[in-house]
Every structure is written in C-alpha cells, then in structure tokens.
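Work through the exercises below with the sequence and the model open. Each task is followed by a solution in steps.

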Amino acid sequence: MEDLFLSHARFWILEFLGRYTMFKTLMAAAVALCGICATQSVAATLSFSFSFGNERQSAGSIVTGIVSGLNDDATGAASSVMVTSNTAGFGLGEYVGNPQYNSFTVAGGRITSFEFAVFGEKNAAPDVTCCNLGLSSNYNIDPNNFGAGLQNGTNVISYNYGRDNNGNVLGLSFTPIPPITAVPLPAAGWLLLASLGGFSALRRRKRAA
C-alpha cells in the first residue's frame, strides 16, 4: 500500500513539474514573440546606394557608398553616410560624425532633394577624419545626376556634376536598396506555438506508454 502511495505521489510530482516547465516555456516564448512584434511594428528605414565620378579630385576616379536610416515621404537626417569604395583609394568609411549639413527628403521611395556636407577635421575616429564629403541636389542636371565630391586633405569640397568630355556622367545618382523580407510574424508565432504543443503531446504519449 505504501509503495502504491509513493508511486502515485511520484507520478503527480513529475506531472506537476512537467506542466510547470511547459508553462514557463510557453510564457517565455510569448514574451519573446511580443518583443519581436514590438520591434517589427516600427517602420523600417530606407537605404540607398550611390555613386559619382570624382573627376575634380582624381581624374577617372569613381566613388560609391551607402546612405542609411531615411524614412519614406519625409525629410530628416541620415543615420549613416558611408563611402564603401573609391578607385583613387582614399576616404573610405563613415562620415556621419559631425556633419555641417545632413538633410534628405524621400518621396515615393526616391531621394528627391538633399544637402550633406562634412569636413573630416571636425569628425572624431572611428569616423573619417582625413577627407571631406559633399552631396547636394543644388547641382542637379536631371533627376539622376546631382552634385557630389570627395576631397582629400583640404578644407574645401569640389563638386562634380554633369558629364565629362566623353559624355560620362560625373554627378551623383542614388539606387534604392531593397529591404530584407522577414517571415510574417503571425505565421512565425503560430509555428512556434504549434511546435511547443507537439512537444507537449509527445511528452504525454510517452508517459502513457
């Protein structure tokens, strides 16, 4: 009789611990899912790649980079303006340190007007301190040919715009970077809960066996 009582007691203790553990797991999953929902509810910002011919500083050189942290149908400051390549070899890195101007207007997923200028000597490492970068829609020749310049070691910015004698575009052009597509949150949440429910059913089946 005592052995039967101990056996039943052990069974119910294990059953309670199992259900308590499953409850904690479900609660942790729900909290994590709510955190993801809160994060995803914030509108994603936009990023754009850019390129321009830096003829005034170094003949034949091409500069490319990325502008990040902009909102569609709004005017605001970029969170990052980075030069990612320069065939002349200088001025690579982040420029949003202490810019003189930092204003971009986005409409319908396109940058329509902007003014960005930074003198490297006013920045602090790890931002670029050796060079100056300027991007300006005040030099626009057409909607895909704006003014831009990357200057090495001087306190001026020489803007490139228009075309060279061979007809090559010197000015700045932007290209939208497609956002990363995430798994829809409702589907992800149901998949998580279904998986936990499956584990729970498998646990009960094993005990019954």
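The model is predicted: local features need pLDDT of at least 70, side-chain atom pairs count only at pLDDT 80 or more, and totals for chains, interfaces and linings use all residues. Residues are numbered from 1 along each chain as its sequence is written, and side-chain values use heavy atoms, with hydrogens and water left out.

**Exercise 1. The whole protein**

State how many helices and strands the protein has and in what order the elements run.

Solution. Take helices (H or I, at least four residues) and strands (E, at least two) as DSSP runs, numbered from the N terminus. The protein then has two helices and 10 strands. From the N terminus on, the order is α-β-β-β-β-β-β-β-β-β-β-α. Next, apply the burial cut-offs: buried is under 20% relative accessible area, exposed over 50%, partly exposed in between (1.4 Å probe, protein chains only). Of the 209 residues, 31% count as buried.

**Exercise 2. Strand 8**

Which faces of strand 8 are covered, and which strands pair with strand 8?

Solution. Begin with burial: six of the six residues of strand 8 (residues 131–136) are buried. In a regular strand the side chains alternate between the two faces of the sheet. Sorted by side, Cys131, Leu133 and Leu135 are buried on one, and Asn132, Gly134 and Ser136 on the other, so both faces are covered. Then take the neighbours. Strand 7 (residues 110–119) pairs antiparallel with strand 8 over five bridges, and valine 118 stands opposite leucine 133. Strand 9 (residues 147–152) runs antiparallel to strand 8 and is joined to it by six bridges; here glycine 134 stands opposite glycine 149.

**Exercise 3. Threonine 105**

Locate threonine 105 and list what it touches.

Solution. Threonine 105 lies in strand 6 (residues 101–107). With contact meaning heavy atoms within 4.5 Å, threonine 105 touches Ala74, Thr75, Arg110, Ile111, Thr112 and Ser113, not counting residues up to four places away in sequence.

Technical notes. Pairing = 2+ DSSP bridges.
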